[in-house]
Amino acid sequence: MIDPEVFALDFDEYLARVAVLTDEILIPAEEEMVAAGAVPEHVLRALARHGLFGVSIPRRLGGLEWNMTQQVALTMEFTRASCVYRSRFSTVIGLCSQAILDHGTDAQREGLLPKMAAGEHITAFALTEPEAGSDAASLTTTARRVDDGWRIDGSKRYITNAHWADELVVFARTGEASEGAAGVTAFLVPRGAEGVTTRLPSRMNGHAEAPVAEIELVDVRVDDSAILGGQVGKGFAAALRGINHARLHVAATCVGQSTRMLEETARHLSERRQFGAPLADLGAVQADLGRCFADLEAARALTVEAARAFDTGTVPRHRIAAAKLFASEMAGRVADRCVQLLGGEGIVGDHPVPRMWRDVRALRIYEGSSPVHERNLGRAVTRQVRLDGTLPDTYRVTRGPADAA
Ligand SMILES: Cc1cc2nc3c(=O)[nH]c(=O)nc-3n(C[C@H](O)[C@H](O)[C@H](O)COP(=O)(O)OP(=O)(O)OC[C@H]3O[C@@H](n4cnc5c(N)ncnc54)[C@H](O)[C@@H]3O)c2cc1C
């Protein structure tokens, strides 16, 4: 449950409270989390009390309703701590709640979002399948009409929070395979429904304390009220609503993680002496830190700008994709340089930077892998230029055929 006084805070006060949470609870609990192999219960309770499951959910539905610019500022703050914490509420605040908010029925919104905002109802977003990863629209999980509703059969994998979720948003094919995305419907399926089983992987390389899960769906029966928005064949639009939201949060996460890695590394370099002086005094080391800082600030600016555009009312999906692509590649570069600058401490022992180095690797893979974003953005550039001579999500004031001439 969200502490009642949190609702009275203005945004700056709330951000300050999240900064204290990060410095006094999340960062100090990282070692406990790693030793336990899971996010400690007391941390999950603190996240819920602070309202982090509800940042994107409207106040009338029990959330804090911060806009996207505010949400990315918050994310950059709390992801100075392990990004594994964020995994535990990411599927609630981005992928699932936004799909339900914009595409659900009134009953679905009012029934689910208040308890999701309170951190009392965990949802997982079940899109990816063993044979449908980057090409998600080729999914083969089926939902077939039966007398009293629908029968769902199929497999999902790599699903964040699926093993402990209360509810799964399952994307299943209700049309023909030839229809691609148009034949996909989203279903709200209780994880405890008969025929649903989840299984954790034997090992995670990164994000180890918040593992993804496989889901098997065998003869799972639901009625029409389980269809998100009650609309057959509209599942992919709902998925993209959640995905675009989540991509911007991932970009902000890359900024938060890189901020911490850079701070930790610079601190180490100021204390570690070699050749009679702190390593931080070496010109080559300073150049490395300077490049990391410039990279980080570029990603921050890109992310904040995409969030600003988001708050004007349209989803700037190409700018969001560009921010996610750049920020996740940036985090990879910063992580690699920081590990290098730590020397043996980057490989041996408990320093937080190598743990973050492993964790940020996944950010270049989920919410669309980097090569897929490059391909899609390249295609969008060509398509838009052919259409009207401008770039996707253009900043230009005028557009139209005359403009392109
Ligand atoms: C930690 C983690 C959490 C996740 N959480 C969720 C979740 O909650 N819900 C969910 O539905 N899914 C989730 N996923 C799945 C994630 O979205 C997929 O891993 C991702 O879409 C890539 O699919 P894939 O792993 O099957 O890789 P593949 O599709 O097999 O692709 C492998 C690689 O091939 C290259 N490639 C693929 N296609 C192209 C192309 N067109 N052009 C150029 N290169 C290409 C890329 O380098 C790509 O990384 C998660 C994954 C991870 C690792």
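**Strand pairs, a helix crossing and rings**

Me: Which residue stands opposite valine 212 in β7?
Reply: Threonine 160 stands opposite that valine of β7. Strands here are DSSP runs of E with at least two residues, and helices are runs of H or I with at least four, both numbered from the N terminus. The model is a predicted one, in which local features need pLDDT of at least 70 and side-chain atom pairs count only at pLDDT 80 or more, while totals for chains, interfaces and linings use all residues. Residues are numbered from 1 along each chain as its sequence is written, and side-chain values use heavy atoms, with hydrogens and water left out.

Me: How many bridges join β3 to β7?
Reply: Eight bridges connect β3 with β7 (residues 212–222), and the two run antiparallel. Two strands pair if DSSP finds at least two bridges between them.

Me: And what joins β2 to β3?
Reply: A hairpin of two residues links β2 to β3. These strands, residues 142–146 and 149–160, are antiparallel and share five bridges. Valine 146 has glycine 149 of β3 as its bridge partner, and arginine 144 stands opposite arginine 151 in β3.

Me: Changing topic, at what angle do α9 and α11 cross?
Reply: The axes of α9 (residues 317–342) and α11 (residues 370–388) cross at roughly 145 degrees and come within 10 Å. Axes are lines fitted to C-alpha atoms over the stretch in contact, with angles from 0 to 180 degrees between N-to-C directions.

Me: Which residues of α9 meet α11?
Reply: Among them are His318, Leu325 and Glu329 in α9, with partners in α11 including His373, Leu377 and Arg383; contact means heavy atoms within 4.5 Å.

Me: One more: which ring has the charged end of arginine 319 over it?
Reply: The ring of tyrosine 395, with the charged end 3.8 Å from its centre. A charge sits over a ring if NZ of Lys or CZ of Arg is within 6 Å of the ring centre and within 35 degrees of the ring normal. Likewise, the charged end of arginine 59 lies over the ring of tryptophan 66, 5.2 Å from its centre.
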